[in-house]
Amino acid sequence: MADLVDSVLSLFGTRFPFKFVYTSEYWMVDMGPHIFPVKKYRMLYEKIIALGARPEDFLKPEPASDDDLLLVHTPDYVNKVRSGNLSSLEAQSLEMPFSSQLIQFFLLMTGGTIKAAEEALKAGLAVHLGGGFHHAFPDHGEGFCLFNDVAVALEKMKQERRINRAMIVDGDLHQGNGTASIFSKKDYVFTFSIHQMDIYPDHKPGSSLDIGLWSGDNDEAYLEALQPHFPRLYEEYKPDLVIYIAGADPYQKDLLSGLDISAPGLKKRDRLIMESARRLKIPLVIVLGGGYADQIEETVEIHFNTIKEAIRASKKGPQQLVASLISPK
Ligand SMILES: [Zn+2]
């Protein structure tokens with residue numbers, strides 16, 4: 001596998017056909033003994049370096065500004081977070097230790113997805129080694145999500161007239177409740193979510209299209225449910241930008257997952273969603289979303305597989321070789 005990816009990379013002028021957005025501050029935040037594995041960001045970065053990435057392949061995020069946050073979040077909520085004045089109930093629904101470090105973490109993550117969106121609109125594809133905090137609502141955070149980086153990035157691109165319409169393809173195990181709610185009355189963002197039904201969030205506000213799976217559903221059920229919609233949705237909706245939340249948590253050994261999806265099954269998911277976007281020349285941003293396998297290496301491997309699939313899906317290489325590499329196995 002690594003050899004194949006290497007042979008593709010060696011054909012590009014630069015070793016990587018797209019940029020990554022990343023900062024070491026992503027994994028330095030102290031979450032205490034928490035299931036959210038910030039270390040995965042660092043481990044993934046190291047695997048990409050080992051694959052041959054150089055410093056110029058990485059863009060550093062800047063923290064999102066209040067103006068950016070206010071494109072999605074209410075002034076009251078932004079003030080409360082900024083001043084550290086979340087009520088104990090609000091901090092509790094976040095399910096993370098609320099601290100100034102945590103605020104900085106989410107400001108950078110939001111700025112990172114903005115940067116990746118800007119880059120994808122220039123270059124066609126960009127990978128944020130972070131992001132995907134789809135449970136944040138305009139007026140509150142929950143489920144490990146303080147700010148909705150995906151929604152903020154799309155609203156900013158829209159406000160700056162860089163896009164007319166966009167699509168969110170949410171492959172995280174959990175339904176994208178915050179994102180669905182934010183865009184429910186806005187026809188310029190199509191929200192797609194494929195997720196497990198019988199887990200958090202209890203209330204699932206309707207996305208433009210929701211695909212619900214149930215505990216025990218396997219690769220076959222998952223891919224059968226997914227396949228009819230790609231590239232169909234891209235062709236019908238014609239987004240100017242797609243943000244793909246490539247969650248690693250549908251994985252069968254994930255501590256939060258009841259689905260029985262294998263790592264190769266998730267690769268097929270990635271390939272279907274990314275390859276068809278790139279074939280249609282739709283700018284694509286990849287963000288990581290969740291991942292909580294007992295062995296963190298497995299979560300990192302699934303994210304790394306997504307990156308390898310992104311390399312394959314890149315259209316910048318010789319058509320035939322790329323076509324031969326992306327053909328389904
Ligand atoms: Zn999740």
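I began with the crossing of H6 and H7, where H6 passes H7 right-handed, a crossing being right-handed if the near helix is turned clockwise from the far one by less than a right angle, and left-handed if anticlockwise. Helices here are DSSP runs (H or I, at least four residues) and strands likewise (E, at least two), numbered from the N terminus. I note that this is a predicted model, in which local features need pLDDT of at least 70 and side-chain atom pairs count only at pLDDT 80 or more, while totals for chains, interfaces and linings use all residues. Residues are numbered from 1 along each chain as its sequence is written.

**H6 and H7**

I looked up the geometry and found that H6 and H7 pack at an angle of about 45°, with their axes 8 Å apart; axes are lines fitted to C-alpha atoms, for helices over the stretch in contact, and angles run from 0 to 180 degrees between N-to-C directions. That makes H6 oblique to H7, given that angles under 35 degrees count as roughly parallel, over 145 as roughly antiparallel, 65 to 115 as roughly perpendicular and the rest as oblique. On the H6 side I listed Met109, Thr110, Thr113, Ile114, Ala117 and Leu121, which meet Asp149, Val150, Val152, Ala153, Lys156 and Met157 of H7, with contact taken as C-beta atoms, placed from the backbone, within 7 Å. Sorted by class, the contact of H6 with H7 has eight nonpolar, two polar and two charged residues; Ala, Val, Leu, Ile, Met, Phe, Trp, Tyr, Cys and Pro count as nonpolar, Asp, Glu, Lys and Arg as charged, and the others, Gly among them, as polar.

I then checked burial along H7 (residues 149-159), where nine of the 11 residues are buried, so H7 is largely enclosed by the rest of the structure. A residue is buried if 20 or more other C-beta atoms lie within 10 Å of its own, exposed if 12 or fewer, and partly exposed in between. The largest nonpolar core has 91 residues, and Ile243, Tyr244, Leu284 and Val285 are those with the most contacts inside it; such a core is a set of buried Ala, Val, Leu, Ile, Met, Phe, Trp, Tyr and Cys residues joined through C-beta atoms within 7 Å. Its largest share, 10 residues, comes from helix H6 (residues 100-123). Leaving out residues up to four places away in sequence, I found that isoleucine 243 touches Val150, Ala153, Leu154, Ala166, Ile168, Val285 and Val287.

**Positive phi**

Arginine 161 has a positive phi of about 55° although it is not a glycine, and it lies in the loop between H7 and strand S4 (166-170). With 7 C-beta neighbours inside 10 Å, arginine 161 counts as exposed. I recorded lysine 281 as well, with a positive phi of about 60°, in the loop between helix H11 (263-279) and strand S8 (284-287).

**Cis peptide bonds**

Tyrosine 200 and proline 201 are joined by a cis peptide bond with omega about -5°, and proline 201 sits in the loop between strand S5 (189-196) and strand S6 (209-213). Proline 201 has 17 C-beta neighbours inside 10 Å and therefore counts as partly exposed. I also noted that proline 201 and glutamine 175 are 26 residues apart in sequence and 6.8 Å apart in space, C-alpha to C-alpha. A cis bond also joins phenylalanine 230 and proline 231, with omega about 10°.

How values were computed:
Two residues are in contact if their C-beta atoms, placed from the backbone, lie within 7 Å.
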